[in-house]
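Subject: Structure for your review

Dear colleague,

Please find below the structure I am handing over to you. My findings follow directly after it.

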Amino acid sequence: MKKLISFFILLFIATLELSADEKRSYQFENSTYEYSTPKTFDFVTTAPGNYLNFLDSSFSAKSMKGWGTIIATSALLYAYDEEILKAVQNAGRQIGFGNKDKSRETVLINAPTDVPSALFFLGDGFTSIGIGAGFLTAGLIKEDPRMLQTTSQIFQGLLMSGFTSQALKRVTGREEPFRRTQKRGRWDPFIGSEQYEDNKTKYDSYPSAHMATAMTTFTIISKNYPEYSFVDPLGYSLLGLLGFQMVNSGVHWASDIPLSVGMGYMIGKTIVDNGRKIASDETQTTFLPFINSAGSVGASFKILY
């Protein structure tokens, strides 16, 4: 599966060579940003630098308020994880969702077969790839650098959120709800790679890669297209439905979600901030005195927009 995802990312991004290399400025409410057509493998070559910036921003003084929110929310949800799980799964049964993921394994993907599994698929890597492919197609047709940058950023977000989620899963080793052997799931920190691969669901709960991936993709779109007022309400509504179904299907605890959301947001924001430049929208004036050949004194006044 991972090889197939990598193949599609490379296939989509490689077509950027078909687009003309250009820069274009876009006026948002308070700022003007300049976007350049990304190079073919920018989503790979800029990833290390962006990841370091992500880590630096995540542990800066400005992020302490965010960390406080994540820690407090996670602790509160953890205290009531069992009760939340039972309540959500009861609601899932009442609305006809059931409590099991009914995705069907195919050659390419775990394909959704009903509404609940479609909601869970919102956080799948192939959903982000499909969204990126849509931006790529439109960007090539319109020769729009912002759309092409959005494509490159979404694919980089997949790499960064996937890597971070997998690393943290191996560090925390929390049982998924449907595999729990004790209340709120057992934690086995720093398990070996072989042990993890042999029994993923026993150690795979914290944090949620699906939520982190979806949040990263949503954040990238939201930051790049702030003029579209429907993006944020739609995005947060879909994220809420994804979170409900992750708990309803017994794949994640409610307390798995806050860190995943925060992580996805910071990854997406970092990638967008480093993928565009703030264009100068200030008026510059120049005033210079002069003396001409006839001995007359004057001044030149120039305005640059």
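In this predicted model, Lys169 counts as buried because its relative accessibility is 2%, against a cut-off of under 20%. The residue belongs to helix α8, which covers residues 145–172. A polar atom of the Lys169 side chain lies 2.7 Å from the backbone oxygen of Pro207. Leaving aside residues up to four places away in sequence, Lys169 touches Tyr196, Tyr203, Asp204, Ser205, Tyr206, Pro207, Ser208, Ala209 and His252.

Pro207 deserves a separate remark. This proline is located in the loop between α9 (193–198) and α10 (209–224). The peptide bond leading from Tyr206 to Pro207 is cis, with omega near -5°. Most peptide bonds are trans, and most residues other than glycine have a negative phi. Both Tyr206 and Pro207 are among the residues that Lys169 touches.

Two further backbone features concern phi. Glu143, although not a glycine, has a positive phi of about 50°. Glu143 sits in the loop between α7 (125–142) and α8, and its relative accessible area of 38% makes it partly exposed. Arg184 is likewise not a glycine and has a positive phi, here of about 65°. The loop between α8 and α9 contains Arg184, which is partly exposed at a relative accessible area of 24%.

Turning to helix packing, the axes of α3 (residues 47–58) and α12 (residues 257–274) come within 9 Å and cross at roughly 125°. That angle makes α3 oblique to α12. On the α3 side, the contact is made by Asn50, Asn53, Phe54, Ser57 and Ser58; on the α12 side, by Met263, Met266, Ile267, Thr270, Ile271 and Asn274. The α3 and α12 crossing is right-handed.

For the protein as a whole, the secondary structure comes to 12 helices and 7 strands. Of the 305 residues, 44% are buried, Lys169 being one of the buried residues. Among contacts between residues at least 6 apart in sequence, 70% join residues at least 24 apart. The protein exposes about 16300 Å², of which carbon and sulfur atoms supply 61%.

Yours sincerely

Conventions: Residues numbered from 1 in each chain as written. Predicted model: local features only at pLDDT ≥ 70, side-chain atom pairs only at ≥ 80, totals over all residues. Heavy atoms only, no water. Helix = DSSP H or I, 4+ residues; strand = E, 2+ residues; numbered from the N terminus. Buried < 20%, exposed > 50% of the residue type's maximum accessible area, 1.4 Å probe, protein only. Polar contact = N/O pair within 3.5 Å; in protein donor to acceptor, adjacent residues only side chain to side chain. Contact = heavy atoms within 4.5 Å. Areas by Shrake-Rupley, 256 points an atom, 1.4 Å probe, with all protein chains shown as cover. Axes fitted to C-alpha atoms, helices over the stretch in contact; angles between N-to-C directions. Parallel < 35°, antiparallel > 145°, perpendicular 65-115°, else oblique. Left-handed = near helix turned anticlockwise from the far one by under 90°.
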